[in-house]
Amino acid sequence: MTETTKIEQLPFSPFDLTLKEVLKKNQIRKVALWLLGKDENSILAQYSNSLWESSLSIIFLINYVAILDEHEEPDLKNKIKSKSKAVARWLKDKKTESHDHKYIHWEGVTWDTCVVIRALGKALKEFPDEFSEHEKTEIKKCISKGASWLYYRFSKWETEVKYPFGPADVAQIISTLIIIRSDFPEIYSNILSESGKKKCEIEVEIVRYLLHIKTEKTLTIPITSDEDEEVVTYWWDDFFSTAEVVEALAVFYKYYESDLELKNLDKKILSLTKHALVKACAYFEQGQVDGMWGSHIDTIKVIYAYVRIRNLIPQSNSFSKEPLIIPEIHTTFKALRWMCDEKQIFSDGSFLHTMFLTVFYAHALLEVYNGWEPANLIIKQLYDDVIWFSPVRTTPERSKRLAAELHIGELNENIDELKKSITTITEEKEIEKLKLLRFRRAAIVLVILSLCTIIGINAFGIDIKKEAVEYFAFSIPLVFALVSLAWNWDKIFHK
């Protein structure tokens, strides 16, 4: 009886279902209902007048609808659609406009403004028929002026902005701009036009800043009683900020990895971004203690970013079949197991009955559902795999492998660059050689023609003064034709 009770208390059951099925049926659905609240015309976060919590709530709820089957939960879908529209209108009305009507922001906070913009864009994109044409125009205006304000604030960051969550705020700007560019390209073009920037330029500028302010942290990892291993990692202020930056850098990398314009703008930025992501992941993997990274909010945010990075970063290089960045199964599951424990997730689906924790928890659940590959395993198989891999995957070994993978990637890039340089130099030398050969042929022909002309004049006693017109009319085109023939000989006869 005691054993049965213990099994029932585990957060994921029954054991013969996949983790995705369990999460969708239990944790994700319950938290969605809690965030929706009981009022017919508002969601729970609106009771505290929290703009950012309301924004993240409807982003989650709209994404939750996307994982439901076509005929699944029709009433719940309609309720989410209706409330998303109502919240979007409420957020629009809560905006603050600058005195010159050039900018719009919410609460005067970069982070809050970012999530509100994304919520407005999400609602407009997914439920366009719910808004009138006037409302659509107003929402797009809010997005455009809000994004312009974000870049304006970033341009003053080092001189005017004093804010404790600096890296997290700046990182949010990247994610927001990329979503705007993807979903509303015409608004993105307007933002660039108003800021006087080219495509990609703002995002690259912000990424450079984030990479510049990173902190290198050397972690000492005990391997044996007499031996330690040092691993160099990157981080930004704390776990929460680091998770925010990691997500933004990964979003940036995914969206621009195949963008030729970006590569022409800054060929090194993607390589530096990948290095930063790998080293930040090493920081995450070594920083976990008993399923946690620091506080509750830190842990929830890190597990979200840690899982998300796998789907955003193109993985292995040509010499390795194993992915470069992939969440360690035991690290991820231990954090998930801690997060979903019954001492924290109450029967109503909330995380400790706390709104801000519950909002982030909801997004983390969805990311695990959508992006963590082991979530497709049945629960008992997942527990077995976690036990199997735990003692094998040590951080020092993994760090060395990742470092080797990065080094191989760098060498491959250098080889490609050298090949291009060799090809270019060879082509240039061939062109110079061909030009010299052509010049010599043309010169020889010109000298021979000149000699023939002089000999002909002397031999036939031509009077140049009397017959100049006829002579030049005949000789000049002939000379030009023969010199051109000599110059283009290889083109004509060696095709």
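A residue is called buried under 20% relative accessible area, exposed over 50% and partly exposed in between, with a 1.4 Å probe and protein chains only. The model is predicted, and local features need pLDDT of at least 70, side-chain atom pairs count only at pLDDT 80 or more, and totals for chains, interfaces and linings use all residues. Residues are numbered from 1 along each chain as its sequence is written, and side-chain values use heavy atoms, with hydrogens and water left out.

**Overall picture**

- The chain contains 19 helices and four strands; these are DSSP runs numbered from the N terminus, with helices being H or I of at least four residues and strands E of at least two.
- Of its 495 residues, 48% count as buried.
- Contact means heavy atoms within 4.5 Å; among contacts between residues at least 6 apart in sequence, 72% join residues at least 24 apart.
- The chain exposes about 25,900 Å², of which carbon and sulfur atoms supply 56%; such areas come from the Shrake-Rupley method with a 1.4 Å probe, and for residues only the protein chains shown count as cover.

**Backbone features**

- Most residues other than glycine have a negative phi, and most peptide bonds are trans.
- The peptide bond from Ser 13 to Pro 14 is cis, with omega near 0 degrees, and Pro 14 belongs to the loop between α1 (2-9) and α2 (19-36).
- Asp 237 is not a glycine, yet its phi is positive, near 65 degrees. Asp 237 sits in the loop between β4 (228-235) and α10 (239-256) and is partly exposed, with a relative accessible area of 45%.
- His 353 also has a positive phi, of about 55 degrees, and is found in the loop between α14 (329-339) and α15 (355-371).

**Salt bridges**

- The whole structure holds 17 salt bridges, a salt bridge being a side-chain nitrogen of Lys or Arg within 4 Å of a carboxyl oxygen of Asp or Glu.
- Glu 247 forms a salt bridge with Lys 301, with the closest N and O atoms 3.7 Å apart. Because Glu 247 lies in helix α10 and Lys 301 in helix α13 (residues 296-312), the pair ties together parts that are 54 residues apart in sequence.
- Glu 247 is buried, at 12% relative accessible area, and Lys 301 is buried at 7%.
- A salt bridge of 3.2 Å, N to O, joins the side chains of Glu 247 and Arg 308. Salt bridges that share partners link Glu 244, Glu 247, Lys 301, Arg 308 and Glu 367 into one network.
- Lys 92 and Asp 93 form a salt bridge, their closest N and O atoms being 3.4 Å apart; Lys 92 is buried at 13% relative accessibility, whereas Asp 93 is exposed at 57%.

**Individual helix residues**

- Thr 113, in helix α5 (residues 110-126), is buried with a relative accessible area of 0%. Beyond its neighbours within four places in sequence, its contacts include Ile 104, Trp 106 and Trp 149.
- Ala 66, in helix α3 (residues 51-67), is exposed at 63% relative accessibility. The C-alpha atoms of Ala 66 and Glu 126 are separated by 9.9 Å, although these residues are 60 residues apart along the chain.
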